Amino acid sequence: MKFDWSKYFNATTFEKVLMVAILLVAGLIIIYTIAFIVRKVLPAKWSRQHKMIINRAVQYTGYIVMFFIIISELEVNLTTVFGAAGVIGIVVGIASQTSIGNIVSGFFLVSEKSFEIGDVVRLGDKSGTVYSIDLLSIKIKTFDNVLIRVPNQTVISTELINVTRFPVRRMDFNISVAYKEDLEKVKGILQEVAKNNPLCLEEPEPVIIFQNFGNSGIEILLGVWFEKINFLKVKNSVFLEVKAAFDKAGIEIPFPHVTLYSGAETKPFPVNIEK
């Protein structure tokens, strides 16, 4: 028995398929062109997050319009299409409750504005830069160049720390000096280090707090204010300058000491080192 292809594939069908292919290619070109133009004309002061949302809205709107144009060209009965779509939608909705929850959470994240693309955040034990905010998840680029995908529901239900939310931050340095040192002298040295470092801000003033009598020395907190873009530079420069200033002034930075006793006597147990 010979199969009759002419019943299913004729000149009219070929024309429709060709027209749909042309509409598909032309539509995609137009959509991406419009999206590119929109990205260029958006105000520069707008955040990357707002630009991304508008750009995706333009793309999704274009896809919907193109879909209806192709359906119209194919002369498909929309009642049948919508009916089938409704049934499929119910099945997919039941099977993808987690995805729907992530989508709803995504809208809350965008409206809450607790972070934006480019912010440095800490989420649990993960830290990095917000790479993208999508419908189902956010993507974080770690400092060692690894991409982490976190579902929106997880972000909503977990404590998230935005490290770069504000333009000015304080960096704390935990410092220890020997008990024999003059604390007023130590305080003056730390003040000079903060004052002479061009990356440390004069206002707010640096914070110096004598915290604890530690096991090996007196523990001091030095807090300096800086612009967030200078994080690494401030971290390294202040660290090096404190060490150099202490060395120059003869200030001892202690390390743990262990004293051995022979018993109830208070005299230390003698230790002889032979070479």
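**Hairpin and sheet**

I began at the hairpin of E3 and E4: 5 residues lie between the strands, and Asn145 has a positive phi near 70 degrees. This is a predicted model, so I kept to its limits: local features need pLDDT of at least 70, side-chain atom pairs count only at pLDDT 80 or more, and totals for chains, interfaces and linings use all residues. Residues are numbered from 1 along each chain as its sequence is written, and side-chain values use heavy atoms, with hydrogens and water left out.

For my own record, helices (H or I, at least four residues) and strands (E, at least two) are DSSP runs numbered from the N terminus, and two strands pair if DSSP finds at least two bridges between them.

Strand E3 (residues 137-141) runs antiparallel to E4, with 5 bridges joining them; Lys141 stands opposite Leu147 in E4.

Next I traced the whole sheet: it is open, has 5 strands in the order E4-E3-E2-E1-E5, and pairs them antiparallel. E4 (147-151) and E5 (160-162) are at the edges with a single partner strand each, so one side of each has no neighbour in the sheet.

I also checked E1 (residues 120-123) and E2 (residues 126-133), which are antiparallel and share 4 bridges. Leu123 has Lys126 in E2 as its bridge partner.

**Helix H7**

Which residues of H7 are buried? I found Val234, Ser237, Val238, Val242, Ala245 and Phe246, where buried means under 20% relative accessible area, exposed over 50% and partly exposed in between (1.4 Å probe, protein chains only).

Gly250 follows H7 and has a positive phi near 75 degrees.

**Aromatic pairs**

I counted 2 aromatic pairs, using ring centres within 6.5 Å for Phe, Tyr and Trp (its six-membered ring), with planes under 30 degrees apart stacked, over 60 edge-to-face and the rest tilted. Tyr179 and Phe213 are stacked, 6.3 Å centre to centre with 5 degrees between the planes. Tyr179 is in the loop between E6 and H6 and Phe213 in E7 (residues 207-213), so this pair ties together parts 34 residues apart in sequence.

Phe226 and Phe231 have centres 6.2 Å apart and planes at 55 degrees, so I logged them as tilted. Phe226 is buried at 0% relative accessible area, whereas Phe231 is partly exposed at 33%.
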